[in-house]
Amino acid sequence: MKWKVLKTKKDYAKAAKRMIEIFHTEEEGALLDELELLIVLIKDYDDRNFPLLNMDPLQVIILKMDEMGIKSKDLVPLIGSKGHVSAVLSGKREITLKMAQRLREFFQLPAEVFI
């Protein structure tokens, strides 16, 4: 198949399916070239359609807080004490899996954004 820029979900799904089929190829040549092209096309589609997945988790949290008009104290039920919230937002403390799950539910975003 001749691949081109992925513009629809259907194109994306077809490319992703094909990439999975040939992902473990080690042979040089057309198949490896096709795999490398699919990886580039899928990344391009993701970058255009899911920009938050490429952002730092702290940037996403701050962006969503600004959009929703909330303050750090509003994150206490999701992250923990005011000290924990402050440490997470300053980058001094890692986001745990439990926090990522709560942030996902609160901000309605994929958990992968916060990990």
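Predicted model: local features only at pLDDT ≥ 70, side-chain atom pairs only at ≥ 80, totals over all residues.
Start with the pair. H3 covers residues 57–68 and H6 covers residues 97–107. Their axes come within 12 Å and cross at roughly 30°. Angles under 35 degrees count as roughly parallel, and H3 and H6 are therefore roughly parallel to each other. The crossing has a hand as well, and for H3 and H6 it is left-handed.

Which residues make the contact? On the H3 side they are Ile61, Lys64, Met65 and Met68, and on the H6 side Leu103, Phe106 and Phe107. Sorted by class, that contact has six nonpolar residues, one charged and no polar.

Now H6 by itself. Its buried residues are Met99, Ala100, Leu103 and Phe107. Looking down the axis of H6, these buried residues fall within an arc of 100°, so they line one face of the helix. As background, an α-helix has 3.6 residues a turn, so residues three or four places apart point the same way. Leu97 and Lys98, on the other side of H6, are exposed.

What do the buried residues of H6 pack against? They pack against H3, and also against helix H4, residues 76–79, and helix H5, residues 82–89.

Last, the end of the helix. Just after H6 comes Gln108, with a positive phi of about 55°.

Conventions. Residues numbered from 1 in each chain as written. Heavy atoms only, no water. Axes fitted to C-alpha atoms, helices over the stretch in contact; angles between N-to-C directions. Helix = DSSP H or I, 4+ residues; strand = E, 2+ residues; numbered from the N terminus. Parallel < 35°, antiparallel > 145°, perpendicular 65-115°, else oblique. Left-handed = near helix turned anticlockwise from the far one by under 90°. Contact = heavy atoms within 4.5 Å. Nonpolar A, V, L, I, M, F, W, Y, C, P; charged D, E, K, R; others polar. Buried < 20%, exposed > 50% of the residue type's maximum accessible area, 1.4 Å probe, protein only. Arc of directions from axis to C-beta.
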